[in-house]
Every structure is written in C-alpha cells, then in structure tokens.
Amino acid sequence: MSIFTPTNQIRLTNVAVVRMKKGGKRFEIACYKNKVMSWRSGAEKDLDEVLQTNTVFVNVSKGQVAKKDDLKAFGTEDLTEICKQILSKGELQVSDKERHSQLEQMFRDIATIVAEKCVNPETKRPYTVNLIERAMKDIHYSVKANKSTKQQALEVIKQLKESIQIQRAHMRVRCVWPAKDGKRLKEKLKSLIKVVESEDFDDELEMVCLIDPGCFREIDELIRCETKGKGALEVLSLKDVEEGDERLE
C-alpha cells in the first residue's frame, strides 16, 4: 500500500529556519545550521552553501510550501531573490541554548575584530582579545543577533573610547632582513602587509610599510624564524584612520 504525500510538502531534517512576515503572511526558508550568521557577516558568499533548498515555505517543519500568489508580496517572482530577502531580514529560529551559544561566539568574534583593528595610542601596541572582551563586558555591550559582527565592531570601538584608550589605526613599521632572504620572505609577508611605503634593496632588504596591528606578532615571528634571528621588525608610528572612514576591511 502506497502512502499519498501531498505535492506541496517537502520534508527536511537538521535544518535552521529563518522566518519573515510579509503582507500579513508567514514565510520560512530552510538553511544549514551555522551558515545563516556566516552569510550575514559576509564570511559565506555562496547561497547554495546556506540554503538547503531555494523553496519558500509557509511552515518548514511541516513541509508546507508557500503559494505562488502569496509570494507576490515580495515584489518579485525570483525565488532566489525572495530567499535572499528572508535570509537578510528574517528572524532565525533557534532554541534558547543555541541562541546563547551563538551570541557568545559573536561576542568573541566582535572582540577579535576590534583587537585586530585597534591599538592603544599611548603604547602603540595592539590590545589582546581577552582585554577587549573584558572592556565590552564593563560597558555591558549587548550583541545583536541580526547585525553583522563587523558592523557591531564599529559600534564597540566608538563606545570603548569612553572607557579605555583605543583608536583604529595601522602601524607603520620597518622590516629589515638579509638580502638572501629578501624575495622569499617578502612573498610570505605579502598577505599580512596593507601598504608598502618604501623599499630599499642593498646588502639587506629594508621595507617601510603599513600593517594591521593584529598582524604585528605574526610578522615579527615570521621574520625572526625565517632569518634565524638576523631580521628585525620595528614600530615607527601609528597611522590614524581618517575620521569618517566607517569601513572595516
């Protein structure tokens, strides 16, 4: 005996549901767990890695698919575009335990971004992630689940300025190492350097460049290890980010 399954029903498992109300009706999409926040933060750009299916539902758990006429409320018939609208503006349905875990991870991610992008203007040194986390707790910063971590990092930097010495900046540093290590080491450092301001190649290679403060330790260790202690990294100054520049790279 065969069991009749309505054609407008689709069964999915291990799913994260994003829900949105539009035109007085409820719409849902089925996503892979842990991928929704990655999409919203910009870390994941492939929609196929986020959506289990580009079908729009009335109720994911019951497998009830939304009617075509009801989808007109979105102003387009393109299911991919409708899914993107729900994904960016909808509410992620999670258990209290999952929500708490998700917010804790976002809190840590925000602190990491701030630590990477900022320095103490007096010491010209970057802050540790743990110190930024403590400072965020001191100002009672509340993570917003529907905003990207990069956007929130900008808010945190503004708020932290009232309680600690902090500013967004690039470090201007001088890197020096033996000529024989020149090209090889320069290639390894390429991804860690923002701007090369000057370069002098003689008996040794000397570069003045701008870096993100969070990369200082990694560059320092790389130069020391690759040159067996013959290379050096020196902080020259801080290059303040222009006021009004509201982008985090």
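1. Contact here means heavy atoms within 4.5 Å. By that rule Asn120 touches Arg125, Tyr127, Gln165 and Leu238, not counting residues up to four places away in sequence. Asn120 lies in strand 6 (residues 118-120). Helices (H or I, at least four residues) and strands (E, at least two) are DSSP runs, numbered from the N terminus. Asn120 is buried, at a relative accessible area of 13%. Buried means under 20% relative accessible area, exposed over 50%, and partly exposed in between (1.4 Å probe, protein chains only).

2. A word on the basis of these values. This is a predicted model, in which local features need pLDDT of at least 70 and side-chain atom pairs count only at pLDDT 80 or more, while totals for chains, interfaces and linings use all residues. Residues are numbered from 1 along each chain as its sequence is written, and side-chain values use heavy atoms, with hydrogens and water left out.

3. Overall make-up. The protein has seven helices and 11 strands. Of its 249 residues, 39% count as buried. Take the contacts between residues at least 6 apart in sequence: 66% of them join residues at least 24 apart.

4. The main core. In soluble globular proteins, nonpolar side chains tend to be buried together. A nonpolar core is a set of buried Ala, Val, Leu, Ile, Met, Phe, Trp, Tyr and Cys residues joined through side-chain atoms within 4.5 Å. The largest one holds 40 residues, and Cys31, Ile86, Leu87, Val114 and Ile132 touch the most other members. Two or more residues each come from strand 1 (15-22), strand 2 (25-32), helix 1 (36-41), helix 2 (79-89), helix 3 (96-117), helix 4 (129-138) and helix 5 (149-160). Helix 3 gives the largest share of this core, seven residues.

5. Leu87 and the second core. Which residues does Leu87 touch, not counting residues up to four places away in sequence? They are Val18, Ile29, Cys31, Val36, Trp39, Arg40, Leu47 and Val50. A second, separate core has 20 residues, including Val119, Val173, Cys209 and Ile211.

6. The largest pocket. Its space is about 480 Å³. On a 1 Å grid over the protein atoms alone, a pocket is an open set of points where a 1.4 Å probe fits, with protein on both sides within 12 Å along at least five of seven lines; lining residues have an atom within 4 Å of a point. Grid points are joined across faces, edges and corners, and the volume is the space filled by probe spheres set on the points. The lining counts 24 residues, and Asn34, Lys35, Met37, Leu92 and Gln102 are the closest to the pocket centre.

7. Strand 1, helix 1, strand 5 (91-93) and helix 3 each supply at least two lining residues. Helix 3 gives the most, with seven residues. By class, the lining has 10 nonpolar, nine polar and five charged residues. Ala, Val, Leu, Ile, Met, Phe, Trp, Tyr, Cys and Pro count as nonpolar; Asp, Glu, Lys and Arg as charged; the others, Gly among them, as polar.

8. Cysteines. A disulfide is a covalent bond between the sulfur atoms of two cysteines. The cut-off used here is a pair of cysteine sulfur atoms within 2.5 Å. How many disulfides does a search of the whole structure find? The count is zero. The closest cysteine sulfur to that of Cys175 is in Cys209, at 3.9 Å, so the two are too far apart for a bond. Cys175 is buried, at 1% relative accessibility. Cys118 is buried as well, with a relative accessible area of 1%.

9. Glu133. This residue lies in helix 4. Is Glu133 buried or exposed? Glu133 counts as buried, at 13% relative accessibility. Leaving aside neighbours within four places in sequence, Glu133 is in contact with Phe107, Arg108 and Ala111.

10. Positive phi. His140 is not a glycine, yet its phi is positive, at about 55 degrees. His140 sits in the loop between helix 4 and helix 5 and is exposed, at 69% relative accessibility. Lys228, also a residue other than glycine, has a positive phi near 55 degrees. Lys228 is in the loop between helix 7 and strand 11 and is exposed, with a relative accessible area of 74%.

11. Lys230. This residue is found in the loop between helix 7 (216-226) and strand 11 (232-240). Lys230 counts as exposed, at 61% relative accessibility. Lys230 and Pro178 are 52 residues apart in sequence, and 7.1 Å apart in space, C-alpha to C-alpha.
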